[in-house]
Each structure stands twice: as structure tokens, then as C-alpha cells.
Amino acid sequence: MKRQIISEQELIKILRTGEESAFDVLYRNYAPAIFGLILNIVKNREQAEEITQDSFVKIWNNFSTYSESKGRVYTWMLNIARNLAIDFIRSKQERMSQKNQDLEISVYQIDQQGQSNIPVDEIGLKNLVGELSVDQKVIIEKMYFQGYSQSEISEELEIPLGTVKTRARQAIMKLRFVFGLNSKGGEG
Amino acid sequence: MMLEELKNSGLLELYVLKACTPEEELLVAEMLQKHPALLAELDQNQMALAQYAELFSVEPPADLEGKIKAKLQFKPAAKTVSLKPNEPNIAKNIGIYQWLLAASVVVIAGLSVALNFSVNKLNEVESSLLALQSEKILLSDKFDQASFKFNKQEAQWIKVQQLEYTQVALAGTANYPDAKLKVYWNKKSKETFVSIINMPKLAEGKQFQLWSLVNGKPINAGVFDAAFGTLFLSNIATMDAQLFAVTIENKGGSESPTLANMVVAGEVAL
């Protein structure tokens with residue numbers, strides 16, 4: 001399966017047709033990113049496959065609710081996938097803590113299961129890993145991939161809330177810098 | 001909240017990272033409505049994170065697409081109509097057109113070189129600006145952490161200091177019953193400082209003046225304005241003091257204390 005280059009406008013246009021060929025384009029272009037994102041959150045292949053299915057079903061069935069004013073369609077799709085995956089790990093943590101297990105332990109256990117997650121773009125990832133500081137990576141990981149709140153991070157890392165905020169800003173600014181996204185908008 | 005304030009607050013980044021509190025989320029949504037320019041900023045943040053997430057891409061198993069399709073409904077495909085481009089009429093004046101075309105190619109090539117150059121310059125400037133901003137945040141982050149640590153240790157620090165320092169509590173006089181102040185000094189290092197706990201408001205042109213009484217003589221130990229806080233003194237003629245007092249004097253201090261304006265006083269325990 002090869003990813004083809006397609007603009008946002010083109011994608012929106014064909015998705016609005018509701019045709020099977022539109023789904024093929026959607027899946028070919030975005031399945032690896034969505035599956036990878038979910039896998040990175042739930043750290044379990046089987047569960048990631050389930051949630052990827054749910055995500056595509058939701059994207060397809062709810063596409064009529066998407067509008068350009070909500071931002072890019074790609075971001076909209078990633079949000080759907082990310083929210084489903086975070087909801088999943090959160091309810092899993094709740095189930096586990098009901099069994100008298102400490103939240104921290106369950107998070108740790110989930111981390112331990114995450115060994116199978118080998119990124120496709122490993123070279124790109126390694127290069128970027130060098131660009132981001134450990135603090136920045138940890139902030140993105142905890143917030144975006146584990147769904148932690150600011151105060152949870154502040155407590156766990158023993159840093160003040162203000163520092164959590166500045167690190168988040170710093171991390172995103174670094175990513176913008178690394179990906180050559182300037183402050184004027186556009187693809188950069 | 002002002003636009004620049006929001007941009008620098010980290011809220012836009014937290015919003016993208018899905019870590020805003022519900023109140024913060026409302027605030028960002030409100031600001032986005034008021035300032036459509038923020039949308040571009042937010043879009044860049046989202047793209048940055050999306051591109052980062054994309055690095056974790058993993059090819060899903062081959063059978064997954066089929067499983068998903070089985071759960072979906074599709075609309076029948078519409079018939080496609082292909083359009084043929086109109087053939088332009090090129091029979092006449094072909095020589096002139098060729099010449100004009102060649103000329104315009106030269107002009108366009110020149111323009112695009114110039115444009116490309118300016119765009120590159122612009123990108124360079126923007127990149128270094130971003131790098132600078134990022135550095136600034138790094139510094140404020142470090143400062144934030146340092147002051148956090150400092151606050152934590154401050155209470156402990158004062159305790160330690162109190163053990164080494166002799167302290168004298170100065171109580172309010174009849175005219176200023178609520179006034180209170182403490183003088184600390186270290187007999188070894190000869191450091192002296194004043195902890196102002198509560199002092200009255202000063203009238204225009206007035207200052208507090210600290211006096212130490214040594215062998216019955218009042219000696220100037222410095223002037224200050226603050227109604228509370230900590231004050232380090234450089235005048236160390238206090239080592240053999242038996243008594244401390246603060247009076248209100250004209251700005252700059254007096255040579256001898258105006259006893260009617262005494263605010264606090266306290267004896268040194270021997």
C-alpha cells in the first residue's frame with residue numbers, strides 16, 4: 001500500500017461522495033498514521049486494531065459533521081482516533097483501580113506491554129528524538145499519548161503547573177521549528 | 001486576556017495537546033472567535049503535533065481494511081465524465097507568439113529567482129526568531145523551577161538563620177501599638193538585617209530611621225521606606241547595642257532621633 005499525495009480539499013471533496021473508492025483513498029492515506037497513533041496510546045496490537053476499526057467507522061459515519069471551520073480534516077481524524085484510544089485506556093485504568101490496583105501501577109503495566117510498537121519511520125523518529133529534549137518528549141508523551149492532565153503531570157514529575165505549561169509550549173514550538181512550520185500559516 | 005498574553009501563555013499549545021482544563025478550553029474557544037488570526041497559529045501547532053504523531057506510523061495488518069469496510073455503507077459510484085481540453089487556434093501569427101513567449105519566460109524566470117530569494121530570507125529570519133523564543137521559554141522554565149525550589153527551602157533557611165543570629169523584637173510604642181519589627185544580627189559575620197513585620201504608612205517626604213543605642217548614645221543604623229519585607233543593613237555600628245528603635249524622620253534621616261516620632265523600640269537581651 002503506497003500513500004498518495006492528496007490535498008485536504010481533494011480529500012474532503014471525495015469523502016463527501018460517500019463512495020467506496022473514497023474510503024480506499026482515505027484508508028490508504030491515513031491508516032498507518034491512525035493505527036500507529038492508537039498503538040502508541042494503548043500499547044497493545046489487538047486492542048489497537050479494534051480501536052482503529054472504531055475510529056474509521058466513526059470518521060466515515062460522522063464525516064457530515066466535519067466542517068472546514070473546525071480545522072484540518074487530518075487533525076479532525078487524528079482527534080477522533082486519539083480520543084477513542086484515550087477513553088479506552090482511561091476506562092481500563094478505572095477497571096484496574098477498582099481491583100484495588102494503584103493507578104500508577106496500571107500505567108506502568110501498560111507501559112510494559114508497549115514493546116511491540118516499532119515505528120515505520122524509524123530514521124525520521126530517531127533524528128527528531130535528538131532534536132527534542134527529554135522534558136519535551138515526556139510532556140508530549142504524557143499529555144497527548146497518555147491523556148494526563150496538567151495537574152497530574154505536575155504531581156508526578158514534581159514540577160510546578162507553570163513549568164508544565166511552559167514545557168508544553170516549548171515542546172510544540174520545537175516541533176514547529178523541526179518541521180519548518182512558520183508562524184505565518186500555510187504548509188511551511 | 002490579551003492576544004499576545006494568550007500566545008505566550010502556553011494555552012494554545014496545551015489546547016493542541018488536549019491538556020487544557022475545561023475553563024482554559026472555554027477561554028481558548030472564546031479567543032479564537034474574537035481573533036480569527038489565532039486560527040493560523042493553532043493550525044501550525046496542530047500540524048506540528050500531527051507530523052510528530054505521524055512518525056509513529058505503523059502499517060496495519062492486511063485484513064483490517066476488509067473488516068472495517070464490512071461495517072460501512074457506501075453510496076453507488078457516480079459515472080465519470082472526462083473533459084477534453086479545447087484546442088487553441090494557433091494558425092496565425094505564430095512567430096510573434098513564439099517571440100512573446102520566449103520573452104515572458106525570461107521575465108518569469110527572473111521574477112521567480114528574486115521571489116525565491118526573498119522567501120528563503122524570510123524563512124531564515126522566522127526560524128531564528130522561533131529559536132530565540134524557544135530559548136526564552138527554556139530560561140523562564142529554569143527560573144520557574146529555581147524559584148519553586150527556593151520557596152520550598154526558604155522556610156528552612158530562615159530557621160537556620162535564626163539559630164545563628166541574635167534577634168531583637170521591637171514592639172510598637174503607645175502611638176503605634178500595632179507596629180512590629182525584628183532586628184537580626186550575626187555576631188560572627190557582623191551581618192545585620194531587619195525583618196519588617198508591620199509598620200505604619202509614611203507621610204510624603206518621610207522615612208523610617210533605625211537607631212541602635214550604644215552606651216547611651218543613639219547611632220544611626222540606616223533609613224528605609226518599606227512597610228513590610230526584609231532589609232539588609234550595611235551600617236554595622238550595632239555590635240554592642242543595648243537597644244534598637246525606629247523613628248519617623250524627614251527623608252534621608254536625621255542626626256539624632258526625634259523621640260516624639262518613635263514607632264517601635266526593643267531592648268537587647270543579654
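Let me start with a definition: a residue is called buried under 20% relative accessible area, exposed over 50%, and partly exposed in between, using a 1.4 Å probe and protein chains only. By that rule A:Leu161 counts as partly exposed, because its relative accessibility is 39%.

Before going on, the conventions. What you see is a predicted model, in which local features need pLDDT of at least 70 and side-chain atom pairs count only at pLDDT 80 or more, while totals for chains, interfaces and linings use all residues. Residues are numbered from 1 along each chain as its sequence is written, chains are lettered from A and ligands numbered from 1 in the order in which they are written, and side-chain values use heavy atoms, with hydrogens and water left out.

Back to A:Leu161. This residue sits in helix α9 of chain A, residues 161–178. Helices here are DSSP runs of H or I with at least four residues, strands are runs of E with at least two, and both are numbered from the N terminus. Leaving aside residues up to four places away in sequence, A:Leu161 touches A:Gln150, A:Ser151 and A:Ser154, where contact means heavy atoms within 4.5 Å. A:Gln150 is 11 residues from A:Leu161 along the chain, and their C-alpha atoms are separated by 6.7 Å.

Next, chain B. Its secondary structure comes to 6 helices and 8 strands. In what order do the elements of chain B run from the N terminus? The order is α-α-α-α-α-α-β-β-β-β-β-β-β-β. Of the 270 residues in chain B, 33% are buried. Taking contacts in chain B between residues at least 6 apart in sequence, 55% join residues at least 24 apart.

Two strand pairings involve β8 of chain B. Pairing requires that DSSP finds at least two bridges between the strands. B:Gly172 has B:Val264 as its bridge partner in β8(B). On strand β7(B), residues 243–250, the pairing with β8(B) is also antiparallel, and it extends over 5 bridges. There, B:Phe244 is partnered with B:Gly266.

Now the interface. How many residues of chain B are in contact with chain A? The number is 62, and they meet 72 residues of chain A. The buried area between the two chains is about 6,500 Å², with carbon and sulfur atoms giving 62%. Buried area here is the accessible area, with a 1.4 Å probe, that two parts lose on being put together, summed over both.

The rule finds 18 residue pairs in polar contact across this interface, both residues at pLDDT 80 or more. A polar contact is a pair of N or O atoms within 3.5 Å; within protein, one must be able to donate a hydrogen and the other to accept it, and residues adjacent in sequence count only if both atoms are side-chain atoms. On the side of chain B that touches chain A, the elements giving two or more residues are α1 (3–9), α2 (11–16), α4 (37–54), α5 (64–69) and α6 (94–164) of chain B. The residues on that side divide into 30 nonpolar, 16 polar and 16 charged. In this count Ala, Val, Leu, Ile, Met, Phe, Trp, Tyr, Cys and Pro are nonpolar, Asp, Glu, Lys and Arg are charged, and the others, Gly among them, are polar.

Last, salt bridges, meaning a side-chain nitrogen of Lys or Arg within 4 Å of a carboxyl oxygen of Asp or Glu. One salt bridge joins B:Asp43 and A:Arg72, at 2.7 Å from N to O. A:Arg176 and B:Glu41 form another, at 3.2 Å. A:Arg176 lies in α9 of chain A and B:Glu41 in α4 of chain B, so this pair joins two chains. Both A:Arg176 and B:Glu41 are buried. There is also a network of salt bridges linking A:Glu20, A:Asp24 and B:Lys69.

Within chain A, A:Lys43 and A:Glu141 form a salt bridge, with the closest N and O atoms 3.4 Å apart. This pair links distant parts of the chain, 98 residues apart: A:Lys43 is in the loop between α2 (20–42) and α3 (45–61), and A:Glu141 is in helix α7, residues 134–145.
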